[in-house]
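Open the model in your viewer and keep the selection tool ready. We will go stop by stop.

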Amino acid sequence: THAYVTNAALSDMYEIQSSQIALNRSQSAEVKAFAQQMIRDHTATSAKLKPLAAAQGHPLPTELDARRRSMIENLNSASAEDFDDRYIDQQTAAHQEAMMLHRAYAERGDNAQLKAFAAETAPAVEQH
């Protein structure tokens, strides 16, 4: 349960941070609209996760792990021409990972409230 909560929180945190960068750096209205949706959706799932995690005594991480920090650095260092491709590539990989995380916990998790959260979150992540 602790690993699920931590990874779900890190996933949301990465999505929000990377999408804020996309709002500032992307030249594409379509990419910016997608980034805005990611910020809105992942802020909402973070808000739902926080009280569930607190009820289990699991503090949420306050900063990204090394792997996701390097993904953010990779976005920050992208040239203007490369930015959108890098952002979309990272989004694709991050959403695949998040979908697998939520699905696995929804099936095999040991906390009923968190299982319900995971089951509710997986299809939303899949839509992204």
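Is P61 buried, partly exposed or exposed? This is a predicted model, and in it P61 counts as partly exposed, because its relative accessibility is 21%. Buried would require under 20%.

Stay on P61. It sits in the loop between α2 (29-55) and α3 (66-77). Now show what touches P61. Beyond its neighbours within four places in sequence, the contacts are T6, A9, L10 and M13.

Next, select α2 together with helix α5 (residues 112-127). Their axes come within 10 Å and cross at roughly 170°. That makes α2 roughly antiparallel to α5. Show the side chains where they meet. From α2 come T45, K48, L49 and L52; from α5 come Q113, L114, F117, E120 and T121. By class, this contact has four nonpolar, three polar and two charged residues.

Now for the rings. How many aromatic pairs does a search of the whole structure find? There are three. Select Y4 and Y105: this pair is stacked, 4.3 Å centre to centre, with 15° between the planes. Y4 lies in helix α1 (residues 2-25) and Y105 in helix α4 (residues 80-108), so the pair ties together parts 101 residues apart in sequence. Both Y4 and Y105 are buried.

Move to F83 and Y87. They are stacked too, at 6.1 Å centre to centre and 10° between the planes. Being four residues apart in helix α4, F83 and Y87 are separated by about one helical turn. F83 is buried, at 0% relative accessible area. Y87 also counts as buried, at 0%.

Ring pairs link F34, F83 and Y87 into a cluster.

Note on methods
Residues are numbered from 1 along each chain as its sequence is written. This is a predicted model: local features need pLDDT of at least 70, side-chain atom pairs count only at pLDDT 80 or more; totals for chains, interfaces and linings use all residues. Side-chain values use heavy atoms; hydrogens and water are left out. Helices (H or I, at least four residues) and strands (E, at least two) are DSSP runs, numbered from the N terminus. Buried means under 20% relative accessible area, exposed over 50%, partly exposed in between (1.4 Å probe, protein chains only). Contact means heavy atoms within 4.5 Å. Axes are lines fitted to C-alpha atoms, for helices over the stretch in contact, and angles run from 0 to 180 degrees between N-to-C directions. Angles under 35 degrees count as roughly parallel, over 145 as roughly antiparallel, 65 to 115 as roughly perpendicular and the rest as oblique. Ala, Val, Leu, Ile, Met, Phe, Trp, Tyr, Cys and Pro count as nonpolar, Asp, Glu, Lys and Arg as charged, and the others, Gly among them, as polar. Rings of Phe, Tyr and Trp (its six-membered ring) pair if their centres lie within 6.5 Å; planes under 30 degrees apart count as stacked, over 60 as edge-to-face and the rest as tilted.
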